[in-house]
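User: I would like to learn how to read strand pairing and helix packing in a model. Please take me through one.
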Amino acid sequence: MKRLLASLRSFRFTEGGVSRQRIALLVLAFAAVHLVIAGRLVLIGMKSDPQVARRVTNPDMLTSTRPDILDREGKQLATDIQSAMLYAEPKKGVGYVDDAVDQLRTVFPDLDERELREKLSSKKGFVRLRREITAEQQHEVRKLGIPHVGFLQESKRVYPAANEASHVLGGVNVDSAGIAGIEKWIDSGGLADLHLAGFATGRSLSPVQLALDLDVQHAMRDELLKAQGEYQAKSMSGMVLDVRTGEILSMVSLPDYDPNKPGNPADLSRLNRLTTGVYEMGSTFKALTVAMALDSGKATLASRFDATAPLHYGRFTITDFHAQRRVLTVPEVFTYSSNIGAAKIALAVGVDGHKAFLKKMGQLDRLRTELPESAMPLVPKSWGEINTATISFGHGLAVAPLQAVMATAALVNGGLLIPPTFLKRSQAEAEKIAKRVIKPETSDKMRYLLRLNVEKGTAKRAEVEGYYVGGKTGTSEKVVHGRYSHEKLLTVFTGVFPCDAPQYLVLVMIDEPKNRGHSTAGLNAAPTTGQIIARIGPLLGVEPRHDLPPADQLLTVSQRVAN
Amino acid sequence: MLRGLNLIAVGGLVAAAVVVYDVKYSATYEAQKVARLNNEINQEREKIAALKAEWSVLSSPDRIQRLATKYLGMKPLPLSHIGNFASLPERIQISGDPIGDIINSLDRNGGEHDPIGRIIEKLESAHQDEPETTGSIKPQEPAEAEPIGETELPEPTGTIGGGEEEQDSQQ
């Protein structure tokens with residue numbers, strides 16, 4: 001202390017260059033320090049502080065959002081809404097566990113006591129206690145004042161139309177990851193990776209627009225439900241396809257499920273029969289057989305095939321349901337749905353030709369669409385004459401109904417095979433990927449045959465006045481314990497309208513109709529299709545016409561003469 | 001001289017500090033404001049999404065059909081009620097002799113053809129016991145109701161697909 005005072009005294013009284021230099025040195029040192037501080041301040045001021053921004057944005061946002069799914073008219077099929085979730089951090093301590101459990105159970109009496117105690121007494125950093133908390137419940141929990149219990153906002157997937165389009169949409173699991181249908185397809189497009197990287201938050205994702213029309217979908221489902229009650233069928237399915245673009249406007253498979261509710265994925269109602277099931281499509285396959293023969297030139301509309309006697313192959317006999325026991329022309333084979341006739345037509349083309357044609361029509365390979373679920377057709381391992389004979393009328397080859405629909409659409413749309421899609425597609429895009437499989441003239445003839453079948457054949461009950469419906473019935477016996485059952489039937493109808501310039505194809509499939517006297521397709525699937533067409537036609541903007549010519553007029557004069 | 005320099009330096013230092021502090025705090029304030037606004041925008045978006053979802057639930061065709069069946073005595077629009085302008089009868093020219101004009105127009109349309117009468121006949125024969133409401137009027141006793149539409153002509157509007165409500169109500 002004395003020394004310091006002495007030095008101060010000496011500073012005050014000392015004059016000369018030395019002390020001046022010292023003072024200048026001190027000034028410089030101080031100035032340098034201040035400059036450093038000022039520079040540092042400027043640097044800090046210029047840098048934006050991420051902490052600040054984080055404090056203000058809702059820290060409770062835990063969003064891993066998914067894009068909305070819209071129908072072709074822009075109606076919502078799936079969307080995300082925010083809901084609160086209750087969590088706890090037991091590692092940091094929640095006070096007395098017993099007290100916390102009791103208190104929480106006053107607000108949520110449905111919480112399992114033991115499970116809750118286990119969760120709270122664990123040493124985990126984060127446990128999820130309950131989802132979908134309402135605002136009042138949040139308030140109540142806050143009043144309890146339990147430490148380290150809080151709320152997080154999380155997004156929840158909602159399907160406003162509930163059961164309406166369940167199989168197409170699929171569903172998501174609790175972590176908002178798609179597990180089936182279009183939802184899974186969305187994830188496969190890289191969304192899952194985006195989620196992991198934390199980019200897919202907020203509402204930045206553009207919606208996915210489907211080809212589906214919600215009104216048509218509803219009409220289809222409503223009519224199928226009615227028909228299911230009427231025919232006491234085990235299951236029903238139906239779909240509408242735009243034959244010009246391959247868009248799927250409606251796809252219903254009953255029983256269905258509510259994608260809003262978590263369910264057992266192995267449940268039978270989760271099965272989309274149109275894409276994951278494979279069926280022997282029965283007589284609807286005759287359309288393919290006849291088209292093949294007409295296109296290859298092995299037969300014309302005037303060709304005759306002998307259907308007087310059943311065909312025998314070893315122990316197997318092919319008979320006719322609507323037996324005529326005479327020589328039939330090709331249109332007669334089609335309208336009487338003669339198995340013998342169809343078999344002979346296919347044999348006229350030959351086994352290899354038949355196989356090649358079905359391959360070309362996409363009936364022998366797995367059909368892939370946006371839906372992750374698909375099924376491999378059941379193709380006979382060794383394909384002999386008997387296989388060609390039975391496949392000609394839809395037995396012995398099981399395909400996914402969607403596959404058969406794609407081929408039938410190609411028969412009527414001028415001969416273009418267009419892979420079906422669940423996404424909106426323009427006609428120009430469809431033409432780009434379309435593959436010509438039959439000649440346009442053959443397609444004209446097929447339209448004539450389909451229309452003739454409604455006017456005179458087995459499909460009379462599918463007629464809708466004004467819509468010029470054409471179609472083919474199919475009744476197949478289901479295989480039970482390795483043999484064909486006569487009681488358990490699958491009836492199918494593929495209807496096309498309007499037949500002079502087809503726009504839409506409607507498929508109805510009834511599994512095991514039990515109502516006696518209504519067992520064949522002409523009596524159940526055909527009238528159901530008619531009702532569906534009458535209902536969806538106006539929705540799709542198809543104008544009913546009341547001055548339509550008979551089927552014969554569909555063929556040009558030259559074609560009629562040639563035959 | 002040195003003192004003056006010192007004063008200026010100190011003054012400059014203080015001024016710089018003040019400016020830096022001010023800039024920093026105003027920047028923080030603006031950042032908070034931006035973050036708050038973004039947060040509000042997000043909240044509004046969430047609200048909009050929730051409302052949209054609610055609207056989708058309320059307007060789902062299944063629900064509309066259930067309500068329409070319960071409260072509105074409507075039936076699906078028959079296809080025969082959809083027409084086009086070409087199928088309309090020719091308009092009657094009004095001149096001094098109205099009755100003569102009607103006769104003339106009937107002749108022009110093919111003599112014995114009476115398009116309006118034909119439509120009425122069709123309606124009478126087809127739907128004698130059904131209510132003819134395709135609008136929003138609910139007949140008081142559907143089973144006993146006078147067929148309202150028998151005297152009304154179906155309106156060929158030339159449009160199709162407009163009968164969505166009627167399509168949904170199943171009777």
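User: How many bridges join strand S9 of chain A to S10(A)?

Analyst: Strands count as paired once at least two bridges link them. In this predicted model, S9(A), residues 235–242, is joined to S10(A) by six bridges, and the two run antiparallel. Within S10(A), A:Val252 is the residue that stands opposite A:Gly238.

User: Which helix lies across S9, S10 and strand S21 of chain A?

Analyst: That is helix H9(A), residues 214–231, which runs at about 30 degrees to S10(A). Helix H15(A), residues 401–412, also packs on the sheet, where H15(A) touches S9, S10, S20 (483–497) and S21 of chain A. The direction of H15(A) makes about 145 degrees with that of S21(A).

User: What is the strand order of the open sheet in chain A?

Analyst: Its five strands follow the order S10-S9-S21-S20-S19 in chain A, with antiparallel pairing. The edges are S10(A), 248–254, and S19(A), 470–480; each has a single partner strand, so one side of each lacks a neighbour in the sheet. On average, neighbouring strands are turned by 15 degrees against each other, direction ignored.

User: Turning to a helix, which residues of H4(A) are buried?

Analyst: Buried here means under 20% relative accessible area. In H4(A), residues 97–107, A:Ala100, A:Val101, A:Leu104 and A:Val107 are buried.

User: Why do the buried residues of H4(A) line one face of the helix?

Analyst: Seen down the axis of H4(A), they fall within an arc of 120 degrees, so they line one face. These buried residues pack against S3 (76–88), H5 (113–121), S4 (127–133) and H6 (135–144) of chain A.

Key: Residues are numbered from 1 along each chain as its sequence is written. Chains are lettered from A and ligands numbered from 1 in the order in which they are written. This is a predicted model: local features need pLDDT of at least 70, side-chain atom pairs count only at pLDDT 80 or more; totals for chains, interfaces and linings use all residues. Side-chain values use heavy atoms; hydrogens and water are left out. Helices (H or I, at least four residues) and strands (E, at least two) are DSSP runs, numbered from the N terminus. Axes are lines fitted to C-alpha atoms, for helices over the stretch in contact, and angles run from 0 to 180 degrees between N-to-C directions. Contact means heavy atoms within 4.5 Å. Buried means under 20% relative accessible area, exposed over 50%, partly exposed in between (1.4 Å probe, protein chains only). The arc is that of the directions from the helix axis to the C-beta atoms.
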